[in-house]
Amino acid sequence: MSSTTTPQSPETGTARVKRGMAEQLKGGVIMDVVTPEQAKIAEDAGAVAVMALERVPADIRKDGGVARMSDPDMIEGIIEAVSIPVMAKSRIGHFVEAQVLQSLGVDYIDESEVLTPADEVNHSDKFAFTTPFVCGATNLGEALRRIAEGAAMIRSKGEAGTGNVVEAVRHLRQIKNEIARLRGFDNNELYAAAKDLRAPYELVKETAELGKLPVVLFSAGGVATPADAALMRQLGAEGVFVGSGIFKSGDPAKRAAAIVKATTFYDDPKIIADASRNLGEAMVGINCDTLPEAERYANRGW
Amino acid sequence: MTSPVIGVLALQGDVREHLTALAVADAVARPVRRPEELAEVDGLVLPGGESTTISKLANLFGMADPLRERIAAGMPVYGTCAGMIMLAEKILDPRSGQETFGGIDMIVRRNAFGRQNESFEAAVEVAGVEGAAVEGVFIRAPWVESVGARVEVLAEHGGHIVAVRQGNALATSFHPELTGDHRVHALFTEMVRTAG
C-alpha cells in the first residue's frame, strides 16, 4: 500500500452517488406520508424511504384544484421524525420547487405527474442539482428521456390514487417488453430504435447491452395489497412505491408491514398469503376505465 | 482450489451488485433470505440498504439469531454501509427496535457523513488492498466512532474510521460493489478461503 497518495477532495452529486442511492433502496417499499406520525408508522413497518406530501393522491383526486409542492414545515417535520431517507415531490418542470426541496435537504426529489404540471413542454434539468431525482414513465422512450435529463431512478407511473394496479402492470410490462425487444436488435437497428423511442442513441445502446435500464426501476401508482406489491416485483420492478394504498386503508401499520414482507418474499406465495391475512379494509379503489382522460395523471409528462 | 460459496443477505439492498462483484472475485455467489440458505454458505456479505429495514426483516423471518450464532462462531462476514451498521456491537442513536448482529467490537454512527446531498466519492487507502487507492462511494454513510482493542483499522477518511477488520469480520462505510474495482471483494473472498 502506498502511503504517499493523498485522498482527492470529495466529490458530491456524482452520477454514481445519485444512482447508487437508489440501488440501496432496492427490494424495498417507499411509502407516501402526510404527517410525521405517519412517517414513523412507515419506518416502523420497514419502509426503506418515505415520500413526504401534503395530500395522498386519492385526496388530490377528490379535492381537485392545483396540487403543488408541500409546505417546507411539513417536510422538515418528517425529516426530523425519521432516520430513513425522505423524498418529496416537485411539479413537472417546476425547477424552483426542486431548488427549494434541495435546500430543505430531502434525499430524493420526485418530479411527479401526481402534482399539477408547471411546464407543458420542459421537464426540469436534473443535472443542475446535487439531490438525485426519480421520475415517472409509461414506456421506455419516456424513461430514457428522463434519464437523459439527469433522472437517477425511474418508476413506472401506473395511475396514482386509484388503488387499482392495472395501469402499473401496463406501464411496467411496456417498459420491460421494449427493453426485451432492444436486446434482439443488432447495432444497425439501434439507431432507428433510438429514433422511434425519441431517446438518445447512447442510452438506447446502453439499455440494450445491460438488458435493463441504466438506473433502478421501481413500480408506482395503484399498489394496494401485499399481492399487488409482489406482482410488480415478479414482473420485474426492483421495488415499489405505495401511495394512498396504506394510509387510506383500515389498519395502516399492519398493511404497511404486510406489503414490506410481500415485497421481500415476492416469490413465496405462502409468505404472501400469511401477510395478506386479516388486514382490514383495503382502500376502495377506482376503476381506471371509468376515469375521464383529464383525470389520468399518467398522461402528464411526455 | 475450489471457489468458496459466499452468500449475500438478500432481504433488501444492493444485492445484485455484491453478487456480481463476488463472482468476479472468483467466489460462488448466491442470495440468502432463509436460515436453511444461510447454513449452506461459507461466508456472507451484508449489503448496503436501509439498516432499519434489514434489521426488522431479519427479526421477522427468523434470520437474526442464526446470523448472530454463525458470526459469533467465526463465519467470515463482510458488511458495506448498512451492513457495517449491522456488524457493530453498538449503534449511536438506534431507531426503536433496531438490533444489530454484532461481530465487530465498534460503535458506529449512522448517516454520520450526512444526508444524500452530502454523499460523495473519494479515494481511500485501504490496508491490505494492494495498488492504487480504492474509489470510495459514500452514500448517507456511517463512520466508526470508536473501536475495541482487537479491531484493526484499515482505512480512514477525513479523520474518521471507514474500514475495519476483526478476525473474520470486515466492514466498510463505502460501497466497493458500486464500482468496477472488486479488490475488496477479492480480499474478503480470500478471507473466506483461508477460514475454510
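Predicted model: local features only at pLDDT ≥ 70, side-chain atom pairs only at ≥ 80, totals over all residues.
The size of an interface is often given as the accessible area lost when the parts come together. Here chain B and chain A bury about 3,800 Å² between them. Carbon and sulfur atoms account for 49% of that area. Chain A contributes 52 residues to the contact, and chain B contributes 45 residues.

The interface of chain B and chain A holds 27 residue pairs in polar contact, with both residues at pLDDT 80 or more. On chain B, the elements that each supply at least two residues to the side touching chain A are helix H1 (15-24), helix H3 (51-60), strand S7 (120-124) and strand S8 (134-138). H3(B) gives the most to this side, with 5 residues. Sorted by class, the side of chain B that touches chain A comprises 17 charged, 14 polar and 14 nonpolar residues.

Salt bridges were then searched for. Over all chains, the whole structure contains 35 salt bridges. Across the interface of chain B and chain A, 8 salt bridges are found. In a salt bridge between Arg16(B) and Glu238(A), the closest N and O atoms are 3.0 Å apart. Glu135(B) and Arg16(A) also meet through their side chains in a salt bridge, at 2.5 Å from N to O. This pair crosses between chains, with Glu135(B) lying in strand S8 of chain B and Arg16(A) in helix H1 (residues 15-25) of chain A.

The two chains are also joined by strand pairing. Strands of a sheet pair through backbone hydrogen bonds, either parallel or antiparallel. Strand S1 (residues 11-12) of chain A and S7(B) run antiparallel and are joined by 2 bridges. In this pairing, Glu11(A) stands opposite Glu121(B), a residue of S7(B). The strands form part of an open sheet of 3 strands in the order S1(A)-S7(B)-S8(B), with antiparallel pairing. S1 of chain A and S8 of chain B are the edge strands, each pairing on one side only.

A parallel pairing is found within chain B. Strand S1 (residues 5-9) and strand S2 (residues 28-32) of chain B run parallel, and 5 bridges join them. Gly7(B) stands opposite Arg30(B) in S2(B). From S1(B) the chain passes through H1(B) to S2(B), forming a right-handed β-α-β crossover.

Leu19(B) is located in helix H1 of chain B. When residues up to four places away in sequence are not counted, Leu19(B) touches Val8(B), Ala29(B), Arg30(B) and Pro31(B). The C-alpha atoms of Leu19(B) and Pro176(B) are separated by 12 Å, although the two residues are 157 residues apart along the chain.

Note on methods. Residues numbered from 1 in each chain as written. Chains lettered and ligands numbered in written order. Heavy atoms only, no water. Contact = heavy atoms within 4.5 Å. Buried area = accessible area lost by both parts, 1.4 Å probe. Salt bridge = Lys/Arg side-chain N within 4 Å of Asp/Glu carboxyl O. Polar contact = N/O pair within 3.5 Å; in protein donor to acceptor, adjacent residues only side chain to side chain. Helix = DSSP H or I, 4+ residues; strand = E, 2+ residues; numbered from the N terminus. Nonpolar A, V, L, I, M, F, W, Y, C, P; charged D, E, K, R; others polar. Pairing = 2+ DSSP bridges. Right-handed = clockwise from strand over helix to strand, strands pointing away.
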